[in-house]
Amino acid sequence: MLVTLAAVAASVGLGETSAPSVVPVTVLTGCLGAGKTTVIRSLLGKLPSGYMCAWLKNEYGDAGVDRMVAQDARVAVKEIVNGCLCCTKVGDLADALRALHDLGPHRILIEASGSAMPGPLVWEIEKVSDIVRVDGVVTVVDCANFIRINNFSRTAKIQAKCTDLVLL
């Protein structure tokens, strides 16, 4: 069976001119410094014309910086700082998703803090399933440092196990 690039692009919504009513959400997890932001910035740089993506960035600290980094008309960035989306900021997730959905993106990327557990994020996203749907959890792993992190981090182990795709 021959699959064309156009067929693959259409299957993930790249050929659509209008945003879907139920927007797919991809959750990116990974330890601090694993490369989540680098992966997202690389993907955003390859967006086709007319495709809008929303990026929900969660920083455990109080300094949000990625909104300034993503200066692109096809990207809407919202940052939630001072806590983790899976626990202390869990109540902010649904409101943030509603606000991003109202902008009409084709896709929403959630970049979780390095300490976030994937399960609670997915459960919270499911609470607003009338406007968004989880299409996958991606865990970014820093191969050079994973063994060191793996030795002491329960979170790193859970992130690596509770995922649809591991990016090394």
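## Close-up views of a predicted model

Residues 24 or more positions apart account for 71% of the contacts with a separation of 6 or more in the protein chain. The model is predicted.

View 1. From the N terminus on, the order of elements is α-β-α-β-α-β-α-β-α-β-α-α-β. The chain has 168 residues, and buried residues make up 43% of them.

**View 2. The largest nonpolar core holds 22 residues.** Leu 97, Ile 108, Ile 110, Ile 125 and Val 132 touch the most other members. At least two residues of this core come from each of strand 1 (23-29), strand 2 (53-58), helix 4 (90-101), strand 4 (107-111), helix 5 (118-126) and strand 5 (132-140). Helix 4 gives the most, with five residues.

**View 3. Another nonpolar core, of 13 residues, lies apart from the largest one.** Among its members are Leu 28, Cys 53, Val 77 and Val 140.

**View 4. Thr 29 sits in strand 1.** Its relative accessible area is 0%, so Thr 29 counts as buried, the cut-off being under 20%. The side chain of Thr 29 makes a polar contact with the side chain of Thr 139, at 2.8 Å.

**View 5. Thr 29 has contacts beyond its neighbours within four places in sequence.** Val 137, Val 138, Thr 139 and Val 140 are among the residues it touches. Lys 36, Ala 112, Pro 118 and Gln 159 are also in contact with Thr 29.

Conventions: Residues are numbered from 1 along each chain as its sequence is written. This is a predicted model: local features need pLDDT of at least 70, side-chain atom pairs count only at pLDDT 80 or more; totals for chains, interfaces and linings use all residues. Side-chain values use heavy atoms; hydrogens and water are left out. Helices (H or I, at least four residues) and strands (E, at least two) are DSSP runs, numbered from the N terminus. Buried means under 20% relative accessible area, exposed over 50%, partly exposed in between (1.4 Å probe, protein chains only). Contact means heavy atoms within 4.5 Å. A nonpolar core is a set of buried Ala, Val, Leu, Ile, Met, Phe, Trp, Tyr and Cys residues joined through side-chain atoms within 4.5 Å. A polar contact is a pair of N or O atoms within 3.5 Å; within protein, one must be able to donate a hydrogen and the other to accept it, and residues adjacent in sequence count only if both atoms are side-chain atoms.
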